[in-house]
Amino acid sequence: MGFWGQTGPAGGGLAARLASVGHEVMFGSRSADKAEHAVAELREQWGDRVANLHPCDNEGACDAPVVILAVHADSAIPTVQQHADHMQNKVVVSMANNLVRNGNEFNAVLPPHGSVAAEIQALLWRSRVCTAFHLVPAAEFAALDYVMESDVVVLGEDDAKKTVMDITASIPDLRPLDGGSIRNAVGMETFAAVLLTVNVRHKMRASLRLTTVR
């Protein structure tokens, strides 16, 4: 699979985590040099556990059948526009939440189509866009010795969604949950603001975990 934004904490952490469980990961950045530097740092820290990380630029990451967008929300749209021709027939996963911080509170800023994921789908109309990993703290991905216990809500078309849910399930103790179509992305991106606000105000690093009521 391919990654954009690997030099950031969320993208770099998730890429390392997926490489550690056996996935071949094309580790992309705006420049291949930055990607090589980031991969070298991860290999120095984790050794052969991240041997499946392969540095490249963002265009190179588009060669993979699944491309995960871990770039910040404000750069996601221009980056997608730049590489749209290379994304045809790909499964594209958006992790972006468009949030602003006001003191100790986060608020969602919703674009014209209602969510960042919907904006990306409108641009990549020949791709299959899903969303996932919005509510997992970035630091948890990068701590490979830490057992992650979280639910990951995945949204999108059924076939693409199954692919992303299978990828999620390959990480021990992450549980993928089917949250419906991309139309529900507005709810997930908005709830990310609530969860971050809770974490800031209570000095926590909480993620989502759903329980069954009997």
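Where is Leu 174 placed? Leu 174 sits in strand E10, residues 174–178. Helices (H or I, at least four residues) and strands (E, at least two) are DSSP runs here, numbered from the N terminus.

## Ground rules

This is a predicted model: local features need pLDDT of at least 70, side-chain atom pairs count only at pLDDT 80 or more, and totals for chains, interfaces and linings use all residues. Residues are numbered from 1 along each chain as its sequence is written, and side-chain values use heavy atoms, with hydrogens and water left out.

## Around Leu 174 and Ser 150

Back to Leu 174: it is buried, with a relative accessible area of 5%. Buried means under 20% relative accessible area, exposed means over 50%, and partly exposed is in between (1.4 Å probe, protein chains only). Not counting residues up to four places away in sequence, Leu 174 touches Phe 141, Met 148, Ser 150, Val 152, Thr 168 and Ala 169; a contact means heavy atoms within 4.5 Å.

Leaving out residues up to four places away in sequence, the contacts of Ser 150 include Val 136, Asp 173, Ser 207 and Arg 209.

## Nonpolar cores

What is in the largest nonpolar core? It has 37 residues, and those with the most contacts inside it are Leu 14, Leu 18, Leu 53 and Ile 68. A nonpolar core is a set of buried Ala, Val, Leu, Ile, Met, Phe, Trp, Tyr and Cys residues joined through side-chain atoms within 4.5 Å. Among the elements giving two or more residues to this core are helix H1 (9–20), helix H2 (32–46), strand E4 (66–69) and strand E9 (150–154). Another core lies apart from it, with 28 residues, among them Ala 76, Val 80, Ala 192 and Leu 195.

Ile 68 touches Met 1, Gly 2, Phe 3, Trp 4, Leu 14, Leu 18, Val 93 and Met 95, with residues up to four places away in sequence not counted. Phe 3 and Trp 4 also turn up among the contacts of Asn 58, along with Gly 28, Thr 79 and His 83, on that basis of skipping residues up to four places away. Asn 58 is in helix H3 (residues 58–61) and is buried, with a relative accessible area of 5%.

## Rings and backbone angles

The structure holds 1 aromatic pair. Phe 133 and Phe 141 form it edge-to-face, 6.0 Å centre to centre with 80° between the planes. Rings of Phe, Tyr and Trp (its six-membered ring) pair if their centres lie within 6.5 Å; planes under 30 degrees apart count as stacked, over 60 as edge-to-face and the rest as tilted.

Phe 133 is in the loop between strand E8 (128–131) and helix H6 (138–142), and its phi is near 70°, a positive value in a residue other than glycine. Most residues other than glycine have a negative phi. Lys 203, in the segment after helix H8 (185–202), has a positive phi as well, near 55°.

## Salt bridges

The count comes to 9 salt bridges, each being a side-chain nitrogen of Lys or Arg within 4 Å of a carboxyl oxygen of Asp or Glu. Arg 201 and Glu 105 meet in one (3.2 Å, N to O). Arg 201 lies in helix H8 and Glu 105 in strand E7 (residues 105–108), so the pair ties together parts 96 residues apart in sequence.

Arg 205 and Glu 140 form another, at 2.9 Å, N to O. Arg 205 is exposed at 57% relative accessibility, whereas Glu 140 is buried at 7%. Arg 175 pairs with Asp 151, the closest N and O atoms being 2.8 Å apart, and Asp 151, Arg 175 and Arg 209 are linked in a network of salt bridges.
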